[in-house]
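Here is a friendly walk through one protein model. Take a look at the sequence and the structure, and then we can go through them together.

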Amino acid sequence: RFAYNTTNASKFFPKTKEEAIKAGYTWFDEVDAVVKETVSGNDLPQSAGDTSETILNEIIACTTCSKRYKILPLEYSVLKKMSLPVPSSCPKCRDQARFERINKPGELFDRTCAKCGKEMISAFSPDRPEVVYCVSCYQQEVV
């Protein structure tokens with residue numbers, strides 16, 4: 001069984017530890033290991049191609065939460081192959097950043113069609129960068 005606070009369900013339906021346990025879920029209290037960083041996330045190169053496999057031996061301090069993390073060999077090979085930067089934040093903070101970029105279920109927003117100006121309802125928030133069309137304009141675009 002997975003602890004409730006380690007699942008994505010807890011992001012969509014937040015519960016306190018007490019609420020989760022009362023509902024019959026398990027809970028995981030994370031223990032921070034005291035590990036000394038060997039490099040700050042701020043000091044990482046812009047591309048994995050600019051580093052060697054010695055980065056796998058480094059203990060990196062997250063630029064967001066200061067927790068320590070390591071780059072895994074498979075992760076490093078993907079970063080290097082795709083010329084991506086070595087991540088400056090820990091896996092948990094990266095996951096949270098991805099979650100914040102998605103729409104929350106059940107949220108709808110009043111929007112205006114970018115093509116014809118018709119008022120409509122959309123799952124995309126007005127502060128998002130996506131261009132939003134009404135059904136008619138969208139069908140004209142994709143045909």
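Is S83 buried or exposed? S83 is exposed, with a relative accessible area of 52%, where exposed means over 50%, buried under 20% and partly exposed in between, using a 1.4 Å probe and protein chains only.

## About the model

This is a predicted model, in which local features need pLDDT of at least 70 and side-chain atom pairs count only at pLDDT 80 or more, while totals for chains, interfaces and linings use all residues. Residues are numbered from 1 along each chain as its sequence is written, and side-chain values use heavy atoms, with hydrogens and water left out.

## Overall build

The protein has 5 helices and 5 strands, arranged from the N terminus as α-α-β-β-β-α-α-β-β-α. These elements are DSSP runs numbered from the N terminus: helices are H or I with at least four residues, strands are E with at least two. With a radius of gyration of 21 Å, well over the 15 Å that the globule rule gives for 143 residues, the protein is more spread out than a compact globule. That radius is taken over C-alpha atoms, and the rule is 2.2 Å times the number of residues to the power 0.38.

The C-alpha trace spans about 55 × 50 × 25 Å along its principal axes. Of the 143 residues, 25% count as buried. The accessible surface comes to about 10,300 Å², and carbon and sulfur atoms hold 56% of that; such areas come from the Shrake-Rupley method with a 1.4 Å probe, and for residues only the protein chains shown count as cover.

The largest nonpolar core has 14 residues, and L44, I55, I60, Y69, I71, Y76 and V86 have the most contacts inside it. A second, separate core of 5 residues includes M120, V132, C134 and C137. A nonpolar core here is a set of buried Ala, Val, Leu, Ile, Met, Phe, Trp, Tyr and Cys residues joined through side-chain atoms within 4.5 Å.

Leaving aside neighbours within four places in sequence, Y76 is in contact (heavy atoms within 4.5 Å) with A48, T51, S52, E53, I55, L56 and I71.

## Salt bridges

A search of the whole structure finds 9 salt bridges, each a side-chain nitrogen of Lys or Arg within 4 Å of a carboxyl oxygen of Asp or Glu. One of them joins D95 and K11 at 2.3 Å, N to O. D95 lies in helix α4 and K11 in helix α1 (residues 9-12), so this pair ties together parts that are 84 residues apart in sequence.

D95 also pairs with R98, with the closest N and O atoms 3.8 Å apart; both lie in helix α4, 3 residues apart, about one turn of the helix. E30 sits in the loop between α2 (17-22) and β1 (39-40), so here the parts tied together are 62 residues apart in sequence.

## Loops with positive phi

Most residues other than glycine have a negative phi. S83, in the loop between α3 and α4 (91-101), has a positive phi of about 55°. S66 has a phi near 70°; S66 is in the loop between β2 (60-61) and β3 (68-69) and is partly exposed at 46% relative accessibility.
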